[in-house]
Amino acid sequence: MLLLIKFLIYHSETVELATFAGVLFLCWNIENLAAVTLNYKKWKHAFINAGFILTNLPIGLLFSILFAKCMQWTMHHHFGLIYSFHPFVHPVFSFMGSFMLLDLGEYVYHVLMHKNKRLWSFHIVHHSDRIVDISTMLREHPGENFIRLAFTLLWIFLTGTLFWVLIIRQIIQIFSTSLAHMNYTLPENVDRLFGWVFITPSLHQVHHHYQNPYTDSNYGDVLSIWDRLFGTFKRMPPEEGVIFGVDSYMKDNEEENNFKSVFKIPFIPFRKRNQLTQSDEVVGRNIFYESNELIS
Ligand SMILES: [Zn+2]
Ligand SMILES: [Zn+2]
């Protein structure tokens, strides 16, 4: 175990990159075999979302250096919440405590992104995807990417997260985020069982529903326990199928069919949620998809 941790510390970036590429490849191919939504242009959709890899790469590299510096400092000064109980408990419990604190941090961050108007305008980019599949997890505006990593840096500082704990969590997070965004559903009984503790594809799909109260639910990252604890856990009634998107960004095809338009969403005049008229709601999915270039 110690050898594995040492290996992860010394090769963290390579391991994370290899895991990311491997999981992406695997999920892409599982979707090809067992996708739920089939009638869309998968490659074109993925090409738009993949553009965010390039914009977010330098930010990710900058913060990986800042994370390492921060953790060196907290370790040297024994600063942070973890250090108040770390010497008294078994490393396994210390890891579990740190892992849960990091996951709680992601939950708090996600709630803030939905509740603050300026932050929401960046987060809309992720939610504006009208088809949720494995490439949707890449669709994060660099503005949001910067805010998320800055928040994580602050959380690492306050909690005193250890380097190896952060790496293991990030690897688990790659699996969990990929699974949550897949164009795939688990068998219902399996989904319900895992959903007691983890965010499953169907739970995250509810979060991507175009209207409230569903959009403002299931904020969890890896664990669903925070949603259950803070009353934000929701399942969609079977008679109401999920429609992906955001109610205020459903009509303009330009916004979803080229990278430049999607990138500009946070900088265009803000549109309030729940602005659809009664007739818009009645026509629902069909009219939204009618002239969408992503649909074959
Ligand atoms: Zn969200
Ligand atoms: Zn998502």
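Is His78 buried or exposed in this predicted model? His78 is exposed, with a relative accessible area of 55%. The legends below describe close-up views.

**View 1. Two loop residues with a positive phi.** Most residues other than glycine have a negative phi. His78, although not a glycine, has a positive phi of about 50°, and His78 lies in the loop between H3 and H4. A positive phi of about 50° is also found at Asn218, again not a glycine. Asn218 belongs to the loop between H10 and H11 and is buried, with a relative accessible area of 0%.

**View 2. The cis peptide bond from Asn212 to Pro213.** The bond joining Asn212 to Pro213 is cis, and its omega is near 10°. Pro213 is located in the loop between helix H10 (201-207) and helix H11 (225-230).

**View 3. The packing of helix H6 and helix H7.** Helix H6 (residues 117-127) packs with helix H7 (residues 142-159) at an angle of about 120°, and their axes are 8 Å apart. H6 is therefore oblique to H7. The crossing in which H6 passes H7 is left-handed. H6 contributes Leu119, Phe122 and His123 to the contact, and H7 contributes Gly143, Glu144 and Ile147. By class, this contact has 3 nonpolar, 2 polar and 1 charged residues.

**View 4. The largest nonpolar core.** This core has 29 residues, of which Phe67 and Ile156 touch the most other members. Two or more residues come from each of helix H3 (42-77), helix H4 (82-85), helix H5 (91-115), H7 and helix H8 (163-181). H5 gives the largest share, 8 residues. Leaving aside residues up to four places away in sequence, Ile156 touches Phe67, Cys70, Met71, Leu102, Thr161 and Leu166.

Definitions and conventions:
Residues numbered from 1 in each chain as written. Chains lettered and ligands numbered in written order. Predicted model: local features only at pLDDT ≥ 70, side-chain atom pairs only at ≥ 80, totals over all residues. Heavy atoms only, no water. Axes fitted to C-alpha atoms, helices over the stretch in contact; angles between N-to-C directions. Helix = DSSP H or I, 4+ residues; strand = E, 2+ residues; numbered from the N terminus. Parallel < 35°, antiparallel > 145°, perpendicular 65-115°, else oblique. Left-handed = near helix turned anticlockwise from the far one by under 90°. Contact = heavy atoms within 4.5 Å. Nonpolar A, V, L, I, M, F, W, Y, C, P; charged D, E, K, R; others polar. Core = buried A, V, L, I, M, F, W, Y, C linked by side-chain atoms within 4.5 Å. Buried < 20%, exposed > 50% of the residue type's maximum accessible area, 1.4 Å probe, protein only.
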